[in-house]
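Please look over this model with me.

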Amino acid sequence: MKALLKNNEGIALPIVVSIIAVITLLGFTAFFVVDSQTTMGAHYEKSETALSIAEAGVNEYLWHLNRDPQFYETEEGRKYVKDSDGNPKVHDVQNGQYTLEIEPPSDSQRVIKIKATGWLKSDKTVKAAIEVDVRKRGFLQNLYLSHIEELSNGEKIWWTSGDELFGPLHTNGDLNIDGNPVFHDRVTYTKNKNIRSGSNPVFHDRNSPQQADELRFPINNSQLIDQALANGLYLKGRTCIYLDGDKIKIRNNWKYSNNFSRYTSPVEIPISDIKNGVIYVDDNTSATGGKWDINTGNVFISGTLDGRLTIAAKRNIYITGSDPTDYNNPCSPYSDGGIFYKNTNFNLSDDMLGLIANEYIYILTQYWPWDSDSYYRRVNDVAPQNITIHAAVFAINKSFGVERYDQIGLKGTIHFVGSICQHRRGAVSMFGDRGLTRGYKKNYKHDPRMAYESPPLFLEPENAGWEIISWKRVAP
(Lines give C-alpha, C1' and ligand atoms only; values in the text may rest on other atoms or scores of the structure.)
Protein backbone atom coordinates (compact mmCIF):
# COMPACT_ATOMS: atom_id res chain seq x y z
CA MET A 1 0.00 0.00 0.00
CA LYS A 2 2.78 2.40 0.85
CA ALA A 3 4.56 1.50 -2.41
CA LEU A 4 1.52 2.53 -4.44
CA LEU A 5 1.32 5.83 -2.68
CA LYS A 6 4.92 6.48 -3.38
CA ASN A 7 4.37 5.82 -7.15
CA ASN A 8 1.71 8.62 -7.33
CA GLU A 9 3.92 11.27 -5.88
CA GLY A 10 4.12 14.46 -8.13
CA ILE A 11 1.10 13.50 -10.35
CA ALA A 12 -0.66 16.78 -9.55
CA LEU A 13 1.97 18.85 -11.33
CA PRO A 14 1.40 17.59 -14.88
CA ILE A 15 -2.37 17.80 -14.36
CA VAL A 16 -2.08 21.43 -13.35
CA VAL A 17 0.22 22.13 -16.28
CA SER A 18 -2.27 20.49 -18.64
CA ILE A 19 -5.13 22.52 -17.27
CA ILE A 20 -3.12 25.72 -17.61
CA ALA A 21 -2.26 24.78 -21.20
CA VAL A 22 -5.90 24.12 -22.05
CA ILE A 23 -7.00 27.39 -20.47
CA THR A 24 -4.26 29.23 -22.33
CA LEU A 25 -5.27 27.57 -25.59
CA LEU A 26 -8.92 28.46 -25.00
CA GLY A 27 -7.90 32.00 -24.22
CA PHE A 28 -5.93 32.34 -27.42
CA THR A 29 -8.81 30.74 -29.34
CA ALA A 30 -11.29 33.14 -27.81
CA PHE A 31 -8.97 36.03 -28.60
CA PHE A 32 -8.64 34.94 -32.23
CA VAL A 33 -12.42 34.37 -32.52
CA VAL A 34 -13.16 37.80 -31.11
CA ASP A 35 -10.47 39.38 -33.28
CA SER A 36 -11.77 37.50 -36.33
CA GLN A 37 -15.35 38.52 -35.61
CA THR A 38 -14.24 42.11 -35.18
CA THR A 39 -12.40 41.96 -38.48
CA MET A 40 -15.35 40.29 -40.19
CA GLY A 41 -17.71 42.83 -38.71
CA ALA A 42 -15.57 45.68 -39.93
CA HIS A 43 -15.34 44.05 -43.38
CA TYR A 44 -19.12 43.54 -43.46
CA GLU A 45 -19.70 47.16 -42.48
CA LYS A 46 -17.35 48.35 -45.21
CA SER A 47 -19.01 46.01 -47.72
CA GLU A 48 -22.46 47.35 -46.86
CA THR A 49 -21.21 50.92 -47.12
CA ALA A 50 -19.67 50.09 -50.51
CA LEU A 51 -23.06 48.68 -51.55
CA SER A 52 -24.81 51.91 -50.62
CA ILE A 53 -22.21 53.82 -52.65
CA ALA A 54 -22.96 51.61 -55.68
CA GLU A 55 -26.69 52.27 -55.23
CA ALA A 56 -25.96 56.00 -55.12
CA GLY A 57 -24.21 55.59 -58.47
CA VAL A 58 -27.32 53.97 -59.98
CA ASN A 59 -29.56 56.73 -58.62
CA GLU A 60 -27.25 59.39 -60.03
CA TYR A 61 -27.41 57.78 -63.47
CA LEU A 62 -31.22 57.58 -63.26
CA TRP A 63 -31.25 61.33 -62.61
CA HIS A 64 -29.44 61.87 -65.90
CA LEU A 65 -31.89 59.54 -67.70
CA ASN A 66 -34.85 61.51 -66.34
CA ARG A 67 -33.25 64.66 -67.68
CA ASP A 68 -32.55 63.03 -71.09
CA PRO A 69 -34.04 59.59 -71.89
CA GLN A 70 -31.37 59.06 -74.57
CA PHE A 71 -28.52 60.03 -72.23
CA TYR A 72 -26.77 56.70 -72.85
CA GLU A 73 -26.49 57.58 -76.56
CA THR A 74 -25.09 61.08 -76.15
CA GLU A 75 -21.46 62.15 -76.08
CA GLU A 76 -22.01 63.45 -72.55
CA GLY A 77 -23.42 60.08 -71.55
CA ARG A 78 -20.47 58.18 -72.98
CA LYS A 79 -18.00 60.47 -71.20
CA TYR A 80 -19.92 59.94 -67.97
CA VAL A 81 -19.13 56.21 -68.08
CA LYS A 82 -15.60 56.12 -69.57
CA ASP A 83 -12.69 58.51 -69.52
CA SER A 84 -10.72 59.70 -72.57
CA ASP A 85 -8.55 56.55 -72.45
CA GLY A 86 -11.57 54.23 -72.48
CA ASN A 87 -11.21 53.25 -68.83
CA PRO A 88 -14.12 53.29 -66.36
CA LYS A 89 -14.59 56.81 -65.05
CA VAL A 90 -14.37 57.13 -61.26
CA HIS A 91 -17.05 59.25 -59.59
CA ASP A 92 -16.85 60.64 -56.05
CA VAL A 93 -19.78 60.44 -53.67
CA GLN A 94 -19.40 61.50 -50.02
CA ASN A 95 -16.83 59.12 -48.47
CA GLY A 96 -16.69 56.74 -51.43
CA GLN A 97 -16.25 56.27 -55.15
CA TYR A 98 -17.98 54.28 -57.88
CA THR A 99 -17.73 53.27 -61.53
CA LEU A 100 -20.50 52.39 -63.98
CA GLU A 101 -20.96 49.96 -66.84
CA ILE A 102 -23.95 50.57 -69.16
CA GLU A 103 -25.57 48.20 -71.64
CA PRO A 104 -28.01 50.15 -73.83
CA PRO A 105 -31.34 48.63 -74.90
CA SER A 106 -31.57 46.37 -77.92
CA ASP A 107 -34.20 44.27 -79.66
CA SER A 108 -33.36 41.30 -77.45
CA GLN A 109 -32.87 43.41 -74.29
CA ARG A 110 -35.57 46.05 -73.95
CA VAL A 111 -34.08 47.66 -70.88
CA ILE A 112 -31.01 49.66 -69.89
CA LYS A 113 -28.70 47.48 -67.82
CA ILE A 114 -26.63 49.38 -65.24
CA LYS A 115 -23.77 47.83 -63.27
CA ALA A 116 -22.35 49.99 -60.47
CA THR A 117 -19.28 49.14 -58.39
CA GLY A 118 -18.64 51.11 -55.19
CA TRP A 119 -15.96 51.31 -52.50
CA LEU A 120 -14.74 53.49 -49.64
CA LYS A 121 -12.02 56.02 -50.32
CA SER A 122 -10.30 54.82 -47.12
CA ASP A 123 -10.19 51.16 -48.23
CA LYS A 124 -10.32 50.29 -51.91
CA THR A 125 -9.87 46.58 -51.20
CA VAL A 126 -13.51 46.14 -50.15
CA LYS A 127 -15.85 46.61 -53.10
CA ALA A 128 -19.53 45.88 -53.77
CA ALA A 129 -21.38 45.79 -57.07
CA ILE A 130 -25.02 45.70 -58.15
CA GLU A 131 -26.66 45.18 -61.53
CA VAL A 132 -30.09 46.64 -62.25
CA ASP A 133 -32.41 46.67 -65.24
CA VAL A 134 -34.34 49.91 -65.67
CA ARG A 135 -36.99 51.14 -68.06
CA LYS A 136 -39.03 54.29 -68.30
CA ARG A 137 -42.74 54.02 -67.69
CA GLY A 138 -44.35 55.12 -70.91
CA PHE A 139 -47.44 54.68 -73.03
CA LEU A 140 -45.58 53.15 -75.97
CA GLN A 141 -44.19 50.22 -74.02
CA ASN A 142 -47.59 48.69 -74.64
CA LEU A 143 -49.02 47.48 -77.91
CA TYR A 144 -52.49 48.10 -76.53
CA LEU A 145 -53.31 50.63 -73.82
CA SER A 146 -56.71 51.86 -72.72
CA HIS A 147 -57.98 54.03 -69.93
CA ILE A 148 -61.49 52.51 -69.86
CA GLU A 149 -62.53 49.01 -70.99
CA GLU A 150 -66.20 49.72 -71.57
CA LEU A 151 -68.49 51.42 -74.05
CA SER A 152 -69.95 54.88 -73.45
CA ASN A 153 -73.17 53.23 -72.18
CA GLY A 154 -71.21 51.37 -69.47
CA GLU A 155 -71.21 47.99 -71.23
CA LYS A 156 -67.97 46.09 -70.64
CA ILE A 157 -65.66 45.25 -73.54
CA TRP A 158 -64.27 41.70 -73.42
CA TRP A 159 -61.19 39.98 -74.78
CA THR A 160 -62.51 36.81 -76.30
CA SER A 161 -61.73 33.72 -78.40
CA GLY A 162 -59.93 34.62 -81.61
CA ASP A 163 -58.18 37.64 -80.08
CA GLU A 164 -54.41 37.28 -80.20
CA LEU A 165 -52.10 40.05 -79.04
CA PHE A 166 -48.40 40.15 -79.99
CA GLY A 167 -47.21 42.74 -77.49
CA PRO A 168 -47.77 44.10 -73.98
CA LEU A 169 -51.29 45.07 -72.86
CA HIS A 170 -52.27 47.48 -70.10
CA THR A 171 -55.57 48.97 -69.04
CA ASN A 172 -56.15 51.60 -66.36
CA GLY A 173 -59.56 49.99 -65.91
CA ASP A 174 -60.78 46.39 -65.65
CA LEU A 175 -59.33 43.42 -67.52
CA ASN A 176 -62.35 41.58 -68.94
CA ILE A 177 -61.91 38.09 -70.46
CA ASP A 178 -64.63 35.85 -71.87
CA GLY A 179 -63.31 32.87 -73.84
CA ASN A 180 -59.85 31.83 -74.91
CA PRO A 181 -57.81 34.83 -76.09
CA VAL A 182 -54.04 34.47 -76.47
CA PHE A 183 -51.62 37.02 -75.00
CA HIS A 184 -48.03 36.64 -76.14
CA ASP A 185 -46.58 39.30 -73.84
CA ARG A 186 -47.12 41.07 -70.52
CA VAL A 187 -50.70 41.78 -69.40
CA THR A 188 -51.39 44.32 -66.65
CA TYR A 189 -54.47 46.08 -65.27
CA THR A 190 -55.13 48.73 -62.62
CA LYS A 191 -58.60 48.03 -61.21
CA ASN A 192 -60.19 44.57 -61.42
CA LYS A 193 -59.67 41.25 -63.21
CA ASN A 194 -62.87 39.67 -64.55
CA ILE A 195 -62.45 36.24 -66.13
CA ARG A 196 -65.78 34.56 -66.85
CA SER A 197 -66.36 30.98 -65.80
CA GLY A 198 -65.33 28.47 -68.45
CA SER A 199 -62.77 30.82 -70.02
CA ASN A 200 -59.28 29.53 -70.71
CA PRO A 201 -57.07 32.47 -71.69
CA VAL A 202 -53.44 31.77 -72.63
CA PHE A 203 -50.76 33.96 -71.05
CA HIS A 204 -47.27 33.37 -72.43
CA ASP A 205 -45.80 35.76 -69.85
CA ARG A 206 -45.66 33.71 -66.64
CA ASN A 207 -46.29 36.78 -64.44
CA SER A 208 -49.47 37.79 -66.26
CA PRO A 209 -52.05 39.03 -65.61
CA GLN A 210 -50.70 41.35 -62.94
CA GLN A 211 -52.09 44.42 -61.22
CA ALA A 212 -50.08 47.60 -61.90
CA ASP A 213 -50.21 51.32 -61.28
CA GLU A 214 -52.25 53.58 -63.53
CA LEU A 215 -50.54 55.34 -66.44
CA ARG A 216 -52.04 58.81 -66.16
CA PHE A 217 -53.26 60.33 -69.41
CA PRO A 218 -52.65 63.99 -70.23
CA ILE A 219 -55.72 66.21 -70.56
CA ASN A 220 -54.88 67.12 -74.16
CA ASN A 221 -51.97 67.54 -76.59
CA SER A 222 -51.71 71.34 -76.30
CA GLN A 223 -48.18 71.11 -74.90
CA LEU A 224 -47.03 70.28 -78.44
CA ILE A 225 -48.23 73.65 -79.78
CA ASP A 226 -45.21 75.46 -78.37
CA GLN A 227 -42.90 72.81 -79.82
CA ALA A 228 -44.47 73.20 -83.27
CA LEU A 229 -44.26 77.00 -83.09
CA ALA A 230 -40.68 77.01 -81.84
CA ASN A 231 -38.93 74.57 -84.12
CA GLY A 232 -41.54 72.51 -85.96
CA LEU A 233 -44.55 73.23 -88.18
CA TYR A 234 -47.76 74.85 -86.94
CA LEU A 235 -50.91 74.83 -89.09
CA LYS A 236 -54.56 75.75 -88.67
CA GLY A 237 -57.68 74.20 -90.12
CA ARG A 238 -58.30 71.00 -92.07
CA THR A 239 -54.97 69.59 -93.23
CA CYS A 240 -54.31 66.80 -95.71
CA ILE A 241 -50.86 65.21 -95.46
CA TYR A 242 -49.19 62.72 -97.76
CA LEU A 243 -45.96 61.14 -96.52
CA ASP A 244 -43.70 61.02 -99.56
CA GLY A 245 -40.50 59.42 -98.31
CA ASP A 246 -38.24 62.10 -96.81
CA LYS A 247 -40.73 64.82 -97.83
CA ILE A 248 -44.34 65.57 -97.00
CA LYS A 249 -47.05 67.03 -99.21
CA ILE A 250 -49.50 69.31 -97.44
CA ARG A 251 -52.82 70.77 -98.59
CA ASN A 252 -54.21 73.31 -96.15
CA ASN A 253 -56.66 76.17 -96.52
CA TRP A 254 -54.87 78.49 -94.09
CA LYS A 255 -52.13 80.57 -95.71
CA TYR A 256 -49.08 79.78 -93.64
CA SER A 257 -46.04 81.93 -94.57
CA ASN A 258 -47.70 82.43 -97.97
CA ASN A 259 -47.09 78.78 -98.78
CA PHE A 260 -50.60 77.43 -98.49
CA SER A 261 -53.64 78.24 -100.55
CA ARG A 262 -56.96 76.55 -101.07
CA TYR A 263 -56.56 76.68 -104.83
CA THR A 264 -52.90 75.76 -105.30
CA SER A 265 -51.23 72.39 -105.65
CA PRO A 266 -50.04 70.71 -102.41
CA VAL A 267 -46.89 72.21 -100.94
CA GLU A 268 -43.94 69.83 -100.56
CA ILE A 269 -41.72 70.22 -97.48
CA PRO A 270 -38.54 68.24 -96.67
CA ILE A 271 -38.84 66.51 -93.32
CA SER A 272 -35.39 67.87 -92.47
CA ASP A 273 -36.91 71.39 -92.46
CA ILE A 274 -39.11 70.39 -89.53
CA LYS A 275 -36.26 70.62 -87.07
CA ASN A 276 -37.79 68.95 -84.02
CA GLY A 277 -40.06 66.65 -86.00
CA VAL A 278 -43.33 68.05 -84.59
CA ILE A 279 -46.36 69.16 -86.65
CA TYR A 280 -49.42 70.59 -84.88
CA VAL A 281 -52.76 71.22 -86.59
CA ASP A 282 -54.93 73.65 -84.61
CA ASP A 283 -58.43 75.08 -85.05
CA ASN A 284 -58.71 78.22 -87.15
CA THR A 285 -61.08 81.07 -86.44
CA SER A 286 -64.77 80.03 -86.60
CA ALA A 287 -64.04 76.30 -86.43
CA THR A 288 -67.25 74.30 -86.05
CA GLY A 289 -65.68 70.99 -85.10
CA GLY A 290 -67.19 69.34 -88.16
CA LYS A 291 -65.34 66.59 -89.96
CA TRP A 292 -65.04 68.51 -93.24
CA ASP A 293 -65.00 72.07 -91.93
CA ILE A 294 -61.89 73.71 -93.40
CA ASN A 295 -61.40 75.71 -90.18
CA THR A 296 -61.41 72.69 -87.86
CA GLY A 297 -58.11 71.08 -86.81
CA ASN A 298 -58.59 67.66 -88.42
CA VAL A 299 -55.82 65.74 -90.20
CA PHE A 300 -56.16 63.31 -93.13
CA ILE A 301 -53.00 61.29 -93.71
CA SER A 302 -51.41 58.37 -95.57
CA GLY A 303 -48.20 57.48 -97.42
CA THR A 304 -44.69 56.19 -96.74
CA LEU A 305 -42.38 57.80 -94.19
CA ASP A 306 -38.60 58.01 -94.40
CA GLY A 307 -37.71 59.77 -91.14
CA ARG A 308 -39.28 60.61 -87.81
CA LEU A 309 -42.36 62.75 -87.17
CA THR A 310 -44.99 63.40 -84.53
CA ILE A 311 -48.23 64.82 -85.94
CA ALA A 312 -50.82 66.14 -83.49
CA ALA A 313 -54.36 67.38 -84.17
CA LYS A 314 -56.62 69.62 -82.12
CA ARG A 315 -59.53 67.39 -83.14
CA ASN A 316 -59.38 64.11 -85.13
CA ILE A 317 -56.94 62.21 -87.34
CA TYR A 318 -58.21 60.16 -90.30
CA ILE A 319 -55.95 57.51 -91.85
CA THR A 320 -56.73 57.14 -95.54
CA GLY A 321 -56.18 54.47 -98.14
CA SER A 322 -54.57 56.80 -100.68
CA ASP A 323 -53.10 60.30 -101.02
CA PRO A 324 -55.58 62.70 -99.33
CA THR A 325 -53.91 65.74 -100.93
CA ASP A 326 -55.15 64.43 -104.29
CA TYR A 327 -58.75 65.61 -104.21
CA ASN A 328 -59.51 63.87 -107.52
CA ASN A 329 -58.41 60.38 -106.57
CA PRO A 330 -60.33 58.89 -103.66
CA CYS A 331 -59.21 55.47 -102.54
CA SER A 332 -60.64 52.49 -104.35
CA PRO A 333 -62.35 50.11 -101.92
CA TYR A 334 -60.35 47.27 -103.47
CA SER A 335 -56.92 48.82 -103.03
CA ASP A 336 -54.54 48.47 -100.09
CA GLY A 337 -53.12 51.56 -98.44
CA GLY A 338 -52.45 53.34 -95.19
CA ILE A 339 -49.20 54.43 -93.54
CA PHE A 340 -45.90 52.64 -94.12
CA TYR A 341 -42.30 53.02 -93.05
CA LYS A 342 -39.80 53.06 -95.88
CA ASN A 343 -37.64 50.60 -93.96
CA THR A 344 -39.94 47.88 -92.66
CA ASN A 345 -37.17 45.89 -91.01
CA PHE A 346 -38.15 47.01 -87.53
CA ASN A 347 -34.89 45.77 -86.03
CA LEU A 348 -32.92 48.20 -88.19
CA SER A 349 -35.40 50.91 -89.21
CA ASP A 350 -34.91 54.50 -88.09
CA ASP A 351 -38.39 55.50 -89.29
CA MET A 352 -40.98 56.27 -86.63
CA LEU A 353 -44.31 58.11 -86.64
CA GLY A 354 -46.49 59.39 -83.82
CA LEU A 355 -50.14 60.39 -84.34
CA ILE A 356 -51.78 62.21 -81.41
CA ALA A 357 -55.39 63.40 -81.52
CA ASN A 358 -57.36 65.02 -78.75
CA GLU A 359 -60.40 63.12 -79.99
CA TYR A 360 -60.62 60.19 -82.45
CA ILE A 361 -58.09 58.46 -84.67
CA TYR A 362 -60.12 56.78 -87.41
CA ILE A 363 -59.61 54.76 -90.55
CA LEU A 364 -61.55 56.88 -93.04
CA THR A 365 -64.47 55.03 -94.66
CA GLN A 366 -66.86 57.66 -96.08
CA TYR A 367 -66.47 60.69 -98.38
CA TRP A 368 -63.28 62.39 -99.54
CA PRO A 369 -61.65 65.85 -99.13
CA TRP A 370 -62.78 68.35 -101.76
CA ASP A 371 -62.87 72.05 -102.58
CA SER A 372 -66.59 72.33 -103.24
CA ASP A 373 -68.93 74.33 -101.04
CA SER A 374 -69.48 71.27 -98.84
CA TYR A 375 -65.71 70.63 -98.79
CA TYR A 376 -66.08 66.89 -99.48
CA ARG A 377 -66.92 64.49 -102.31
CA ARG A 378 -69.77 62.06 -101.76
CA VAL A 379 -67.88 58.81 -102.25
CA ASN A 380 -69.64 56.29 -100.06
CA ASP A 381 -66.83 53.78 -99.54
CA VAL A 382 -63.23 54.95 -99.43
CA ALA A 383 -62.05 52.27 -96.99
CA PRO A 384 -59.33 50.12 -98.59
CA GLN A 385 -59.76 46.37 -98.68
CA ASN A 386 -56.69 45.97 -96.47
CA ILE A 387 -54.85 48.70 -94.62
CA THR A 388 -51.39 48.91 -93.08
CA ILE A 389 -50.54 51.28 -90.23
CA HIS A 390 -47.00 51.73 -88.96
CA ALA A 391 -47.27 54.25 -86.13
CA ALA A 392 -47.81 55.02 -82.48
CA VAL A 393 -51.40 56.28 -82.25
CA PHE A 394 -52.81 58.10 -79.24
CA ALA A 395 -56.48 59.12 -78.99
CA ILE A 396 -56.30 61.06 -75.74
CA ASN A 397 -59.99 61.55 -74.96
CA LYS A 398 -61.72 59.22 -77.44
CA SER A 399 -60.82 56.05 -79.38
CA PHE A 400 -58.86 54.46 -82.21
CA GLY A 401 -61.06 52.54 -84.63
CA VAL A 402 -62.82 52.33 -87.96
CA GLU A 403 -65.23 55.14 -88.84
CA ARG A 404 -68.75 53.80 -89.44
CA TYR A 405 -67.51 50.24 -88.93
CA ASP A 406 -71.12 49.06 -88.72
CA GLN A 407 -72.05 50.58 -92.10
CA ILE A 408 -69.28 49.27 -94.35
CA GLY A 409 -68.99 45.87 -95.93
CA LEU A 410 -66.74 43.03 -94.92
CA LYS A 411 -63.15 44.08 -95.49
CA GLY A 412 -59.79 42.38 -95.12
CA THR A 413 -57.24 43.00 -92.38
CA ILE A 414 -55.72 45.90 -90.47
CA HIS A 415 -51.98 45.20 -90.39
CA PHE A 416 -50.80 47.32 -87.49
CA VAL A 417 -47.24 47.62 -86.13
CA GLY A 418 -46.64 50.13 -83.36
CA SER A 419 -48.59 51.11 -80.26
CA ILE A 420 -52.27 51.92 -79.71
CA CYS A 421 -53.18 54.24 -76.83
CA GLN A 422 -56.77 55.35 -76.35
CA HIS A 423 -59.11 56.62 -73.68
CA ARG A 424 -61.77 54.07 -74.53
CA ARG A 425 -61.44 51.00 -76.74
CA GLY A 426 -62.83 51.59 -80.21
CA ALA A 427 -64.39 49.10 -82.61
CA VAL A 428 -63.10 48.02 -86.01
CA SER A 429 -65.69 45.37 -86.92
CA MET A 430 -69.04 43.74 -86.25
CA PHE A 431 -69.73 40.10 -85.46
CA GLY A 432 -72.77 37.95 -86.19
CA ASP A 433 -73.73 34.33 -85.64
CA ARG A 434 -71.32 33.28 -88.38
CA GLY A 435 -68.42 35.44 -87.30
CA LEU A 436 -67.19 38.71 -88.78
CA THR A 437 -69.87 40.46 -90.84
CA ARG A 438 -68.56 44.02 -91.29
CA GLY A 439 -65.27 45.82 -90.95
CA TYR A 440 -61.76 44.43 -90.53
CA LYS A 441 -59.91 41.58 -88.94
CA LYS A 442 -57.00 42.61 -86.67
CA ASN A 443 -53.33 41.75 -87.03
CA TYR A 444 -51.65 43.89 -84.34
CA LYS A 445 -47.98 43.71 -83.40
CA HIS A 446 -45.84 45.84 -81.11
CA ASP A 447 -42.95 47.78 -82.60
CA PRO A 448 -40.14 46.38 -80.40
CA ARG A 449 -38.22 49.68 -80.54
CA MET A 450 -41.05 51.39 -78.69
CA ALA A 451 -40.09 49.55 -75.53
CA TYR A 452 -37.33 52.13 -75.21
CA GLU A 453 -37.77 54.68 -78.04
CA SER A 454 -40.53 57.04 -79.16
CA PRO A 455 -41.37 59.43 -82.00
CA PRO A 456 -40.19 63.03 -81.54
CA LEU A 457 -41.44 64.61 -78.28
CA PHE A 458 -44.21 62.02 -77.94
CA LEU A 459 -46.38 62.55 -74.87
CA GLU A 460 -45.50 60.73 -71.67
CA PRO A 461 -47.64 59.71 -68.68
CA GLU A 462 -48.06 62.37 -66.03
CA ASN A 463 -46.48 59.87 -63.61
CA ALA A 464 -43.66 58.91 -65.97
CA GLY A 465 -40.33 58.00 -64.47
CA TRP A 466 -37.65 55.35 -64.59
CA GLU A 467 -38.41 52.16 -62.73
CA ILE A 468 -36.06 49.39 -61.63
CA ILE A 469 -37.53 46.07 -62.76
CA SER A 470 -34.70 43.83 -61.52
CA TRP A 471 -31.92 44.22 -58.91
CA LYS A 472 -29.17 41.81 -57.98
CA ARG A 473 -25.84 41.87 -56.20
CA VAL A 474 -22.98 40.71 -58.39
CA ALA A 475 -19.25 40.26 -58.18
CA PRO A 476 -17.30 43.54 -58.37
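The points below take the pockets, then the rings, then the sheet.

1. Basis. This is a predicted model, with local features needing pLDDT of at least 70 and side-chain atom pairs counting only at pLDDT 80 or more, while totals for chains, interfaces and linings use all residues. Numbering runs from 1 along each chain as its sequence is written, and side-chain values use heavy atoms, without hydrogens and water.

2. Largest pocket. Its volume is about 1,200 Å³. A pocket is an open set of points on a 1 Å grid over the protein atoms alone, where a 1.4 Å probe fits, with protein on both sides within 12 Å along at least five of seven lines; lining residues have an atom within 4 Å of a point. The volume is the space filled by probe spheres set on the points, which are joined across faces, edges and corners. The lining has 41 residues, and R425, G426, A427, V428 and S429 are the closest to the centre.

3. Its lining. β32 (435-446) is among the strands that supply at least two residues, and β32 gives the most, with 6. Strands are DSSP E runs of at least two residues, and helices H or I runs of at least four, numbered from the N terminus. By class, the lining has 18 nonpolar, 12 polar and 11 charged residues. Here Ala, Val, Leu, Ile, Met, Phe, Trp, Tyr, Cys and Pro are nonpolar, Asp, Glu, Lys and Arg charged, and the others, Gly among them, polar.

4. Second largest pocket. Its volume is about 650 Å³. Of 35 lining residues, P69, K136, S454, F458 and E460 are the closest to the centre. β4 (123-136) and α4 (223-231) each give two or more residues. The lining divides into 20 nonpolar, 6 polar and 9 charged residues.

5. Aromatic pairs. There are 21. Rings of Phe, Tyr and Trp (its six-membered ring) pair if their centres lie within 6.5 Å; planes under 30 degrees apart are stacked, over 60 edge-to-face, the rest tilted. W292 and F300 are stacked, at 5.1 Å centre to centre and 15° between the planes. Ring pairs also link Y144, W159, F183, F203, F400, F416 and Y444 into a cluster.

6. Charges over rings. R425 lies over the face of W159, at 4.1 Å from the ring centre. R196 lies over the face of W158, at 3.9 Å. The criterion is NZ of Lys or CZ of Arg within 6 Å of the ring centre and within 35 degrees of the ring normal.

7. Open sheet. Three strands run in the order β7-β10-β13, with parallel pairing. Two strands pair if DSSP finds at least two bridges between them. L165 stands opposite F183 in β10.
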